[in-house]
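Open the model in your viewer and keep the selection panel at hand. The tour goes stop by stop: select, look, move on.

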Amino acid sequence: MNKWYQIFHRNTGLSPYVWIVFCILPFYFIFRSSSTPEVVAGIVMIGLFFICYRLSFVSKGWLVYFWTSVQIIISVAMTLLYSYVYFSIFLAFFIGNIQNKAGFYTLYIIHLISTFITINYGFATQTQMFFTQFPFILISLIVVILLPFNTYNQKKQGQLEGQLEDANKRISELVKLEERQRIARDLHDTLGQKLSLIGLKSDLAAKLVHREPDRAQAEIGDVQQTARTALKEVREMVTKMRGARLDEELYPIRQILRAAGIELELEGDPKLKNTTVLNESVLSMCLKEAVTNVVKHSGATKCLITIQSTDTELILKLQDNGTGMDMKSDFYRGNGLRGMKERLEFVNGSLAIESGDGTAVTMRVPHVAKQPVKELDL
């Protein structure tokens with residue numbers, strides 16, 4: 001549930017103090033009247049307006065439209081009787097929070113027409129207060145036209161970002177589940193059959209050791225060879241699980257950026273040849289973290305990934321055209337940047353970030369000669 005002070009200023013771009021001024025301002029217009037009944041009636045309408053405004057936020061269904069209609073009537077009455085037009089700004093903000101498309105457009109049109117008619121009526125009757133506050137009335141009319149759509153689109157964008165985040169979490173869970181199932185299948189296919197064969201041949205060798213020693217020796221030799229083969233396959237499987245290949249990671253990265261409405265450009269060959277599996281895995285993890293930051297925080301429409309290999313190092317650069325980042329003294333503490341920096345430093349790499357027209361993240365890892373894996377004899 002929204003707190004009372006959040007209702008008036010959240011997502012509008014205005015300071016809460018501006019809304020407080022709008023809450024106090026109607027009393028100035030009311031107390032200008034010399035008639036006590038008019039003052040009392042004005043105070044009652046102000047109190048009723050804010051009560052209905054609060055109820056509009058906490059209600060559901062048809063009650064939302066009922067309380068909004070009451071507010072429109074009060075806004076029209078305040079404009080005609082006291083020349084106070086600024087309740088229309090409150091209504092413009094609230095109407096933008098209505099996510100039902102038909103309800104939003106219906107209330108938007110009713111509010112716009114009623115505000116326009118009452119303002120023109122005030123000028124037509126040559127009410128002095130309308131002429132003295134003409135610039136502010138004009139600004140209010142512009143706000144009534146634009147603010148509902150701005151708030152409506154912000155709400156829609158927030159919902160879509162939430163849905164995208166939920167979808168990404170769901171995809172991550174499905175990927176983990178599929179990976180577990182794949183590991184289980186690989187272990188069953190790799191070890192299950194080989195261990196069963198080792199067990200059968202060991203039993204056979206135990207039975208033949210006294211009757212046919214030569215044949216028993218051959219069976220033991222088969223057991224040793226099968227064990228070596230199983231060990232080799234397990235090592236290969238573990239290496240695949242440990243290593244995250246850059247070219248394979250680019251596909252889900254492209255999908256995430258596309259879902260966020262960000263165009264991806266790639267320069268360079270993602271199939272790395274002179275980089276160890278460990279360094280490539282570190283780069284892949286850091287690139288995913290950097291792309292996540294672009295989607296969540298940059299507001300970018302384009303993203304460029306550049307892969308450059310020199311004689312001594314591999315350089316991976318991610319550049320977006322977003323809003324940039326606030327480079328503070330404790331900059332590396334947030335947005336997963338500290339983890340990226342530590343991962344790269346672990347493999348003697350480095351992380352550099354530049355912020356201007358967008359953000360550029362540069363990751364470097366050294367080239368290390370790959371060492372062949374030696375087989376261990378059992």
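## Overview

The chain has twelve helices and five strands. Both are DSSP runs numbered from the N terminus, with helices (H or I) of at least four residues and strands (E) of at least two. The model is predicted: local features need pLDDT of at least 70, side-chain atom pairs count only at pLDDT 80 or more, and totals for chains, interfaces and linings use all residues. Residues are numbered from 1 along each chain as its sequence is written, and side-chain values use heavy atoms, with hydrogens and water left out.

Colour by accessibility before you zoom in. Of the 378 residues of the chain, 36% count as buried. Buried means under 20% relative accessible area, exposed means over 50%, and partly exposed lies in between (1.4 Å probe, protein chains only). Now consider contacts, defined as heavy atoms within 4.5 Å. Take those in the chain with a separation of 6 or more: residues 24 or more positions apart account for 68% of them.

## Stop 1: Ser-83

Select Ser-83, in the loop between helix H4 (62-82) and H5. Its phi is near 60 degrees, a positive value in a residue other than glycine. Is Ser-83 buried or exposed? Ser-83 is buried, with a relative accessible area of 6%.

## Stop 2

Two packed helices are described by the angle between their axes and the distance between the axes. Axes here are lines fitted to C-alpha atoms, for helices over the stretch in contact, and angles run from 0 to 180 degrees between N-to-C directions.

Select residues 87-96 for H5 and residues 101-124 for H6. The two pack at an angle of about 165 degrees, with their axes 10 Å apart. H5 and H6 are therefore roughly antiparallel to each other. The cut-offs: angles under 35 degrees count as roughly parallel, over 145 as roughly antiparallel, 65 to 115 as roughly perpendicular and the rest as oblique.

The crossing of H5 and H6 is left-handed. That term applies if the near helix is turned anticlockwise from the far one by less than a right angle; clockwise gives right-handed.

Show side chains. From H5, pick Ser-88, Leu-91, Ala-92, Ile-95 and Gly-96; they meet Phe-104, Leu-107, Tyr-108, His-111 and Thr-115 in H6. By class, this contact of H5 with H6 has six nonpolar, four polar and no charged residues. Ala, Val, Leu, Ile, Met, Phe, Trp, Tyr, Cys and Pro count as nonpolar, Asp, Glu, Lys and Arg as charged, and the others, Gly among them, as polar.

## Stop 3: the sheet

Switch to cartoon. In what order do the five strands lie? They form an open sheet, E1-E2-E3-E5-E4, with mixed pairing. Strand E1 (263-267) and E4 stand at the edges, each with a single partner strand, so one side of each is left without a neighbour in the sheet. The twist averages 15 degrees from one strand to the next.

Strands pair here if DSSP finds at least two bridges between them. Select E2 (residues 302-309) and E3 (residues 313-320): they run antiparallel and are joined by seven bridges. Ile-307 has Leu-316 in E3 as its bridge partner.

Helix H10 (residues 246-259) lies across E1, E2 and E3, running at about 155 degrees to E1. H11 also packs on the sheet, touching E2, E3 and E5. The direction of H11 makes about 10 degrees with that of E3.

Next, take E4 (residues 350-356) and E5 (residues 358-366), antiparallel and joined by seven bridges. A hairpin links E4 to E5 through one residue. Click Ala-352: its bridge partner in E5 is Thr-362.

## Stop 4: Thr-275

Go to the loop between E1 and H11 and select Thr-275. Thr-275 is buried, with a relative accessible area of 1%.

## Stop 5

Select H11 (residues 277-298) and H12 (residues 337-346), whose axes come within 10 Å and cross at roughly 165 degrees. H11 passes H12 in a left-handed crossing. The residues of this contact of H11 with H12 divide into ten nonpolar, one polar and two charged.

Finish at Asn-348, in the loop between H12 and E4. Asn-348 has a positive phi of about 65 degrees although it is not a glycine. Asn-348 is exposed, with a relative accessible area of 65%.
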